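Please keep the sequence and the three-dimensional view at hand while reading.

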Amino acid sequence: MFFVYVLFSFKDHRLYVGYTEDLEARMKKHLQGLVPATQQRLPLQLIYYEAYPTMFEAKRREKYLKGGNGRAQLKRQLSETLVRIGYRHISNDS
């Protein structure tokens with residue numbers, strides 16, 4: 001199983017989208033500051049994830065969620081959570 005996940009950075013109030021085969025191990029790496037893309041953005045919180053049977057599907061979904069339409073869809077879907085945690089772009093482009 002492969003996972004697409006969304007993290008929220010409490011430092012810069014932005015989202016990070018990634019994919020992995022082992023969500024628990026990947027989260028540990030993020031939280032320990034071992035992932036270059038997020039090491040300067042700690043603390044982080046996992047706010048969403050999806051499971052896919054193949055890496056191809058997970059990578060395709062990750063790419064979509066990082067793009068304009070996908071990011072907008074994600075913001076609509078998670079709007080209550082994003083407002084609650086203080087996401088700074090929720091009112092601008094959802």
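Predicted model: local features only at pLDDT ≥ 70, side-chain atom pairs only at ≥ 80, totals over all residues.

Two residues are said to be in contact when heavy atoms of theirs lie within 4.5 Å.

The secondary structure of the chain consists of 5 helices and 3 strands. Read from the N terminus, the order of these elements is β-β-α-β-α-α-α-α. The radius of gyration of the chain is 13 Å, close to the 12 Å that the globule rule gives for 94 residues, so the chain is as compact as a globular protein of that length. Along its principal axes, the C-alpha trace spans about 35 × 30 × 20 Å. Of the 94 residues, 40% count as buried. The chain exposes about 5700 Å², and carbon and sulfur atoms supply 51% of this area. Among contacts with a separation of 6 or more, 57% are made by residues 24 or more positions apart.

Strand S1 covers residues 2-9, S2 covers 15-20 and S3 covers 44-52. S1 and S2 run antiparallel and are joined by 6 bridges; in this pairing, Phe-8 has Leu-15 of S2 as its bridge partner. S1 and S3 also run antiparallel, with 8 bridges between them, and here Phe-3 stands opposite Ala-51 in S3.

How many residues of S1 are buried? The count is 8 of 8, so S1 is largely enclosed by the rest of the structure. Both of its faces are covered: Phe-2, Val-4, Val-6 and Phe-8 are buried on one side, and Phe-3, Tyr-5, Leu-7 and Ser-9 are buried on the other. S2 is mostly covered, with 5 of its 6 residues buried.

S1 and S2 form a hairpin with 5 residues between them. His-13 is located in the loop between these two strands. Most residues other than glycine have a negative phi, and most peptide bonds are trans. Against this background, His-13 stands out with a positive phi near 55°. His-13 is partly exposed, with a relative accessible area of 27%. Pro-43 lies in the loop between H1 and S3.

Helix H1 comprises residues 23-31, and its buried residues are Leu-23, Met-27 and His-30. They cover an arc of only 60° around the axis, which puts them on the same side of H1. An α-helix has 3.6 residues a turn, so residues three or four places apart point the same way. Which strands are included in what covers the buried residues of H1? The cover includes S1, S2 and S3.

The next topic is the interior. In soluble globular proteins, nonpolar side chains tend to be buried together. In this model, the largest nonpolar core has 16 residues, of which Val-6, Leu-15, Ile-47, Leu-74 and Leu-82 touch the most other members. The elements that give two or more residues to this core are S1, S2, S3, helix H2 (55-66) and helix H4 (79-85). The largest share, 4 residues, comes from S1. There is also a second, separate core of 7 residues, which includes Phe-3, Tyr-16, Leu-23 and Leu-44.

Ala-58 is placed in helix H2. Is this residue buried or exposed? Ala-58 is buried, with a relative accessible area of 0%. Leaving aside neighbours within four places in sequence, Ala-58 is in contact with Phe-2, Val-4, Tyr-19 and Tyr-52. By contrast, the C-alpha atoms of Ala-58 and Val-83, which are 25 residues apart along the chain, are separated by 26 Å.

Conventions:
Residues numbered from 1 in each chain as written. Heavy atoms only, no water. Core = buried A, V, L, I, M, F, W, Y, C linked by side-chain atoms within 4.5 Å. Buried < 20%, exposed > 50% of the residue type's maximum accessible area, 1.4 Å probe, protein only. Pairing = 2+ DSSP bridges. Rg over C-alpha atoms; globule rule 2.2 N^0.38 Å. Areas by Shrake-Rupley, 256 points an atom, 1.4 Å probe, with all protein chains shown as cover. Arc of directions from axis to C-beta.
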